[in-house]
Amino acid sequence: MKPSTLLLIYLFLAIAGGLGVFYYQSTVPDNKEISNDVTQRLLTIDGLNSDIGELVLRSRYNLDPNYDSLTRSATLLDQSIESFGEAYFSTEGVSDPMLVKSFEKLKSEVMIQRDLIESFKSHNSVLRNSEKYAPAAGQSLMSIAKEAKLDDAEQLYGSLVRELLAYSLLGSSFSIEKIKVALPQLVELENKMPEFSRVSMFEFGRHIETVINEKELTDQYLSKVLLSTSDSQIDELSQGWSQWLLSNSGQQSFLKQLNIAYISFLLVGLAFVTWRLRNLYQHLDHEVAVQTEEVKKAFDELKESETKLVQSEKMASLGQMVAGVAHEINTPLGYISSNVDTIRLNMGELDGILKSIDMISVEISESKPNTKKIGSIVKRMVQVYRRMRQRETLSEIEDLLKDSSYGLSEISNLVGSLKDFSRLDRTNAVDTDIHKGLEATLKICKNLIGERKVVKSFDHQMPLIECMPAQLNQVFLNIVTNSAQATDKDGTIKITTKRVGKGIEISFEDNGEGMSANGMKQIFDPFYTTKDVGQGTGLGMSIAYKIVKSHGGEIKVKSEIGKGTQILVQLPLQQSQAELSVIK
Amino acid sequence: MSKDLQTKNTAIKALPEVLLVDDEPRILRSMKAALKKHYDIFTAHNAKEAKSLIKKNKGFSVIISDERMPDILGHELLAWSKDNYSKMIRILMTGYSDIKAIQNSINEAEIYKYITKPWNVKELKSIIDSGIVRVNTGMQVDVQKHDVNQAKCALVFLNMVDHNDQIYTKVAKRLSMEPNMVHDIGSTLLVLENNKHAGVLFIDDDHVNEDTFNLVMLIHDKYPKIVIIVATSAADGKSAIKLLNQGQIFRYLVKPLTETKLFPMLNAAAQRFYKQTTRHDHLDGSMNNETSGSSIKSYWRKIISFL
């Protein structure tokens, strides 16, 4: 299978797995959050429930002047239960039946409690009203009785008020008995008490009646409220929640495992990708190393081939030099060797004369010399000599010898020039007479220059300059060669030297074909050549340029088509050591 | 040659006349000293002098010229003398064998031999002598056009390269000559042996070596009438000189060659063959007619074999 297919499958699985895990996570509730929230809510409900109990008691014993707090707490409890139901027991909430049942129970309990509270409130209000007005009515009846000097009545009223309050507020059963005993006495008093107090007496009686009735009812409701089972219902719900959460944790841990599995799956993918990347990098590193090696090799080859080209240019100019010099040397060599042969032949004739002299000397040394014989020998000798003179053998020998020694001096001059030209013994910059190099170059080029006129206008006060003579001679040779090749057979090459400031100037002028502006621009470029293929490497002038530059000098070209070319070489008298890099 | 000159020559023992041309007087002096015993030596320092001497003397037996001279190149002077005094044996002498000069001297001046400096007097003498034999036997004499027997001339192409066969066949057809295409030395010799009309041998060889030299020498020896042309892409002065001096090749060509170049050249070669054949026939005839003793006969035979 292709790696790309594998990768696609892997990516598909990763995305599908991610979506699956996400979906599953969304179905499993977050235990911690729910637990916190539910606990908070249950605590609030429980607190409100307790508050209600307390507030009910406070209302019963007149600690709270009104029902505001009680009503608020009851409403809050309602709201809490409502929102709790909405949060967890709506359609999408918890579906655990036990929990739902438990909550429904709590809810109905609270509803019942609420009704009880309402009933309590109404009865308690009536009770409180009577509790408040009964003592006042009793007080006024007591004062009336006192005025009417009815002590018993006064006492009865007083004790009734006391007992009523004791019963109402403390619930004393002793008091109610007392009241029940006193009540018939109260009816008896109606007739004793003045007329105007009858309304008060009626009111008092009603209040007492109300207190007795309402106290019972109120207390009944109160106890019902206080004994409400909502507390236990809250506990039950709380426990239910704990159990439900516990059951949820199974799902939670499964989700956790699922998450771990998914992360492991992703990690494996990541590891694989990392591994692949590492391999890729290693491969790339290797590739880059190989490429670098290749580039380096190519560069080395280029450098080498440049060196080879420079060398071949040197060889080409050497070959040209050798060709010229060979002709120059072969000419005298030809006639010298021929002359030697001829002279040897002529010496054969002289040999006869020498032999004759020998014979004469032998004859003379005899005790009696034969003058006749000597005479005939001398005669023969003279004949030979005359023949030789007639043939001009002797003067010819003289001439041939003279020619030969001239030829030998020519050859030795030429060899000297070659030595001057190449100066292979010098590899460092030395003080050099530039004219010597120019002369040697001209001699070497003699064959190439042929009949072209060479005008030398040399500055006789030319100082020695520090340079590498062999290199400069190569420059001169290149320029002179080009001049000779650019001019007609009867052309002129003018070489001028002069001192200029801290340096010297050598000018090569010819009246040859000249060159275009383009040619002038390219003359020092490597491989630029106007010669036929095989006639020049195209490196001559570029090497000349390099050499002059390495001497800290300048080489310039001025040319006009049809008129000629001038090459100007400027060189400093002294070399700064750094500048003179060796051209190999 | 005019009768006056002949009588004059006979009067002074009739030494062969040799003209030396060189711009270096010492060479002239040296050569004259070496050769004057055997030949009547004339010297000229430049082409102008040489030309006027030739005109004045109405030709010489042999002209030996230096190649590099101020006013003219040696092969140019020799080409001039070929055109004007074709009987003269032309020898070129030079200190430096430059391929262009060699090629020109063979193809344009049709020189007899090429001598390199420094020269050997003995060799020089033997070359001059062999040239003089040619003159004396009339080999250099122009055969009159109407005399030329325009017999059949078969072309033999020794093609040592893989291509060019087609061009050669085509040119031969244009010349209405019979082309014989061979590709090795053995079959070349076989064709020459069997084809009586073989007149021109064209050798196309990019690797001229000892085998080529030997073949050319052998053919020149055995079939002196056959005109030999060598074409190569690797021009080399030394081998050109060797082919000329030992095999007397008619042309030394540097490829590439075109059909238009080849056509007149092969034609000229064929004309040369006709002339040589006519001369040989003439000489053979005169030899057979001569009844005045075996010594003369053997002399002719010697001359013919020499050629």
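Let's start with one residue: Arg272(B) is partly exposed, with a relative accessible area of 28%. Here, buried means under 20% relative accessible area, exposed over 50%, and partly exposed anything in between, using a 1.4 Å probe and protein chains only. Keep in mind that this is a predicted model, where local features need pLDDT of at least 70, side-chain atom pairs count only at pLDDT 80 or more, and totals for chains, interfaces and linings use all residues. Residues are numbered from 1 along each chain as its sequence is written, chains are lettered from A and ligands numbered from 1 in the order in which they are written, and side-chain values use heavy atoms, with hydrogens and water left out.

**Salt bridges**

- Arg272(B) has a partner: its side chain meets that of Glu110(B) in a salt bridge, at 3.3 Å from N to O. The term stands for a side-chain nitrogen of Lys or Arg within 4 Å of a carboxyl oxygen of Asp or Glu.
- Glu110(B) sits in the loop between α5 (99-107) and β5 of chain B and Arg272(B) in helix α11 of chain B, so this pair ties together parts that are 162 residues apart in sequence. Helices (H or I, at least four residues) and strands (E, at least two) are DSSP runs, numbered from the N terminus.
- Glu110(B) counts as buried, at 17% relative accessibility.
- Over in chain A, Arg60(A), Glu131(A), Lys215(A) and Asp219(A) are joined into one network by salt bridges that share partners.
- Back in chain B, Arg26(B) and Glu24(B) form a salt bridge, with their closest N and O atoms 2.8 Å apart. Both of these residues are buried.
- Over all chains, the structure holds 29 salt bridges.

**Where chains A and B meet**

- In this pairing, 22 residues of chain A are in contact (heavy atoms within 4.5 Å) with 17 residues of chain B.
- Together the two chains bury about 1900 Å², and 55% of that is on carbon and sulfur atoms. Buried area is the accessible area (1.4 Å probe) that two parts lose on being put together, summed over both.
- The rule finds 3 salt bridges across this interface.
- One pair is Asp403(A) and Arg29(B), whose side chains meet in a salt bridge at 2.7 Å, N to O.
- On the side of chain A that touches chain B, the elements giving two or more residues are α8 (230-365) and α10 (393-422) of chain A. Helix α8(A) provides the largest share, 15 residues.
- Glu396(A) and Lys36(B) also meet in a salt bridge, at 2.5 Å from N to O. Glu396(A) lies in helix α10 of chain A and Lys36(B) in the loop between α2 (25-35) and β2 (40-44) of chain B, so the pair joins two chains.
- Glu396(A) is buried, at 12% relative accessibility, while Lys36(B) is partly exposed at 31%.

**Chain A overall**

- Chain A comes to 15 helices and 7 strands.
- Of its 584 residues, 38% count as buried.
- Among contacts in chain A with a separation of 6 or more, 76% are between residues 24 or more positions apart.

**Helix α3 of chain B**

- In helix α3 (residues 47-57) of chain B, the buried residues include Ala47(B), Leu53(B) and Ile54(B).
- Looking down the axis of α3(B), its buried residues fall within an arc of 125°, so they line one face of the helix. That arc is taken from the directions from the helix axis to the C-beta atoms.
- Lys48(B) and Lys56(B), on the other side of α3(B), are exposed.
- Just after α3(B), Lys58(B) takes a positive phi of about 55°.

**Backbone spots to look up**

- Lys117(B) and Pro118(B) are joined by a cis peptide bond, with omega about -10°. Pro118(B) is in the loop between β5 (113-116) and α6 (121-136) of chain B.
- Another cis peptide bond joins Lys255(B) and Pro256(B), with omega about 5°. Pro256(B) is in the loop between β10 (251-254) and α11 (259-289) of chain B.
- Glu392(A) is not a glycine, but its phi is positive, near 60°. Glu392(A) is in the loop between α9 (371-390) and α10 of chain A, and is exposed with a relative accessible area of 51%.
- Asn164(B), also not a glycine, has a positive phi of about 80°.
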